Amino acid sequence: MNGKKHSETGTFSPDGMRAEILNPFVHKLELDNTYDKIRTAIFTVILLPFRVIVICYLIVTAWFLACIGLYGLSEEDLRKKPMTGWRRSLKPLICFIGKMSYLAGGMAISIRGRQASRKEAPILVIAPHSSFLDSCIVYATRMSSVIVRKESMDNYVGKLINYTQPVYVWRDDPNSRQNTIKEIIERATSKEDWPQVLIFPEGTCTNRSCLITFKPGGFYPGVPVQPVTIRYPNAKDTVTWTWEGPGALKLLWLTLTQVHSSCEIEFLPVYYPSEDEKRDPKLYARNVRDVMAKALGVPVLDYTYDDCRLIARAKQLGIPCASAIREISELRAQLGLDRSHLEVHLASEGLKGKKKWLNNEEFAQRLGVPYDINSQRLFDIFVQNSSGLVNFADYILCAMFLSVPHAPLSHMLSCTFRLYDETHTGFIKCDTFEEIAIRVLGLCREDAQNTFKQVDLDEKGYITYEEFIKFAQEKNEYAFLFVSDNSFKPKTKPKSQ
């Protein structure tokens, strides 16, 4: 398979289908009928304990073998040269035990195609990356070397990961990215018999509805790569771990209480880069992504890991419709709203007696944009299903988050006080403060009520923006309000392996 000149597809699928309405970072999973709930409850009691015991036994066995294989080797030894002899001969046994641990959990792993040798393809490109269960690819590829953060090795499974002779990423190293790329190049071009390097180029978990932007790091060596796809063709998707959706423990519980689940791994033909692709790793990455998207039958979408960070920050703050923040940004650009500064003006002015709840035509009119497919889609993102209307203050708040990304959050908070102040007096009652705190401070309703009481020491029944800011300046937990660049540390959710 040879590389061809990449055409700018933007947010299109390989066959030209628009993919703008996709959100790869959302996964909804609920037990929505009585049968599923009863079955899950029964299997939680009968099946889950047995599976957990067997899986733990197998993992401990694999860990013990890895400890034996690593005995006498330092991390520096693992980085200097590949394992040989009896140490290497333990890999097939560990891989077998690893596969059995998945089977013990009810998941059968099927493999299509042929894994190329290291001589044919020093790098394996894995996509889509959608779950912590994607780690089965390590066992399916005979313990290829993964790329892993060094700090994540300080745990129980660190020995198993170390046995793959991973490429380490050092978070506290300012040159970490360059050093990681350098080590990938050295491994991929080395004449020694290293394991193949295994990369998840998306860099984060998605819901497999599309392939997002591939990071170019694994394509810098300019060597042939073998694309490898992962599918989970199950009736109920209990494995997808995204930025908005069930947590890891819930997914593990629901997966282990399924009668049977499956994972399909397909090795595609080796991709040989053209001269243009060897010179341009980003072009190489895009073209490999297109090949994999075509094999999977999904579109490509130019989302990046930075988009994930933006979504995570918006979610942590409580910004309305945070999971769709990237799509909202694109729609605003298509409507010209990102250049008009109208939303910033509306935020600074407040609603001033104007209608808060709008239908689709009123929404477009208030924004001064045509009522077309883009304004309708923007409306649909914010619409309340119960009323069929949009809370215009919610939209303006989200637009403010995108419009002034480098301003201190205290500035956005002052606009939020005006937007949600239905009395237009500057006096914010407890229920209104709850709505503000949930949307900008990331507080739950109970914490918002407690905060209001702490600010309203005189028990007036209302507070002002100035009173809250004076209170916040004395509390370390609100220091993020006064730092530029929206510097709010989001909690970690899915990440690449």
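Is F417 buried or exposed? In this predicted model, F417 has a relative accessible area of 4% and is therefore buried.

In one of them, the ring centres of F417 and Y465 are 5.5 Å apart and the planes meet at 70°, so the arrangement is edge-to-face.

R187 is placed over the face of W194, 4.0 Å from the ring centre. K460 is placed over the face of Y462, at 5.3 Å from the ring centre. K460 also forms a salt bridge with D456, with 3.5 Å between the closest N and O atoms. At 33% relative accessibility K460 is partly exposed, whereas D456, at 7%, is buried.

The salt bridges number 24. E330 and R326 form one of them, the closest N and O atoms being 2.7 Å apart. These two residues are four positions apart in helix α13 (residues 325–335), and so about one helical turn separates them. Both E330 and R326 are buried. R39 forms a salt bridge with D36, with the closest N and O atoms at 3.7 Å. R39 is partly exposed, with a relative accessible area of 21%, while D36 is buried at 9%.

How values were computed
Residues are numbered from 1 along each chain as its sequence is written. This is a predicted model: local features need pLDDT of at least 70, side-chain atom pairs count only at pLDDT 80 or more; totals for chains, interfaces and linings use all residues. Side-chain values use heavy atoms; hydrogens and water are left out. Rings of Phe, Tyr and Trp (its six-membered ring) pair if their centres lie within 6.5 Å; planes under 30 degrees apart count as stacked, over 60 as edge-to-face and the rest as tilted. Buried means under 20% relative accessible area, exposed over 50%, partly exposed in between (1.4 Å probe, protein chains only). A charge sits over a ring if NZ of Lys or CZ of Arg is within 6 Å of the ring centre and within 35 degrees of the ring normal. A salt bridge is a side-chain nitrogen of Lys or Arg within 4 Å of a carboxyl oxygen of Asp or Glu.
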